[in-house]
Amino acid sequence: MPRVTASPPSSPRRGKPRVTVDSPTQTLREPRALKDRPNRMRLALRRARRQARPVLLGGLALAGIMGAVLLLRATSRTENLTGARARLGSFGGSLGLRVRAVTIEGRNATPLPLLDAALGVHTGDPLLGFSVRAARARIETIASVEQATVERRWPGTVLVLLRERQAAAVWQHHGHFSLIDKNGAVLADQNIRHLAQGLTLLVGEQAPAHAANLLADLAKFPGLDARVRAAVLIGNRRWDLETDNGAYVLLPEDDEAKALRRLADLQASTDLLDRPLQVIDLRLPDRVTLRPEPGAKTPDPTGAPHT
């Protein structure tokens, strides 16, 4: 074992003492002071940094992808946007970001093949390779869809939320029948045979354009609404209603809601719609004109019927 000797104290060199060993001579560093050695906390932090490095790199990669998505949204040129989206979708697909499932919520009357074609996304497609905004716009062109939402749900789901238009009446025109909603929008893609039962029939070339106010006013009087079988638009100005007992109710051109309220009050007090009448004329604001069926006397609308 080599012998360790220290330099004589009378050595003219200044500074730290030199430590030497015999055969051969080597210079050793001075041992690190105890206070400079890393404690357990520092060692734990170093270990945590080494373990967090892969997570950090993955987060940076994901942030890069999300930045690219934001860049796509900010791009104004359609051709650049399409090409960049295709490249981004290809890159995301190589990382495993592909559509694994398409979930649709709120669909009742919208035909599934029509919805699938408008969405334009299928299982296996790149999750980042399509525009949710464009898909939503295409879906909202379907007549039965009032509003649509398209979302990406990581890691591989496309979610479609639908709010459909509800059929409120049937429109008869040129021998054809179509469903319309409460706002008069024509639901050309819905199955009329399954949905038309119990709905009011509207007749007239411009009936859908004038239907919103009539349907809203009838909805205020459910008992009266249930007795109306059809409404005929006269001169694109006013409506004649056909009730379930065959009587026609002539509404005024203006303030049809007030006339319907008068009719509802008369029905509640005198059962006017249950009498043998052909016409109930409400076009004048200060009177009600009645035309009875052949062979029946004109009843008093404020009292008991006369036969």
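The chain exposes about 19,900 Å², and carbon and sulfur atoms supply 53% of it (areas by the Shrake-Rupley method with a 1.4 Å probe; for residues, only the protein chains shown count as cover). This is a predicted model, where local features need pLDDT of at least 70, side-chain atom pairs count only at pLDDT 80 or more, and totals for chains, interfaces and linings use all residues. Residues are numbered from 1 along each chain as its sequence is written, and side-chain values use heavy atoms, with hydrogens and water left out.

**Exercise 1.** Find how many helices and strands the chain has, and what share of its residues is buried.

*Solution.* Start with the elements: you get 8 helices and 14 strands (DSSP runs, H or I of at least four residues for helices and E of at least two for strands, numbered from the N terminus). Next, 32% of the 307 residues count as buried (buried is under 20% relative accessible area, exposed over 50%, partly exposed in between, with a 1.4 Å probe and protein chains only).

**Exercise 2.** Describe how helix H3 (residues 112–119) and helix H4 (residues 132–139) cross.

*Solution.* Two packed helices are described by the angle between their axes and the distance between the axes. Here the axes come within 8 Å and cross at roughly 145° (axes are lines fitted to C-alpha atoms, for helices over the stretch in contact, and angles run from 0 to 180 degrees between N-to-C directions). Now the residues: H3 brings Leu115, Ala118 and Leu119, while H4 brings Ala135, Arg138 and Ile139 (contact means heavy atoms within 4.5 Å).

**Exercise 3.** Look at the backbone of Pro155, His174 and Asn236.

*Solution.* First, the general rule: most residues other than glycine have a negative phi, and most peptide bonds are trans. Then check each one:

- The Trp154 to Pro155 bond is cis, with omega near 10°; Pro155 sits in the loop between E4 (145–153) and E5 (157–164).
- His174, in the loop between E6 and E7, has a positive phi near 50° and is exposed at 64% relative accessibility.
- Asn236, in the loop between E10 and E11, has a positive phi near 55° and is partly exposed at 40%.
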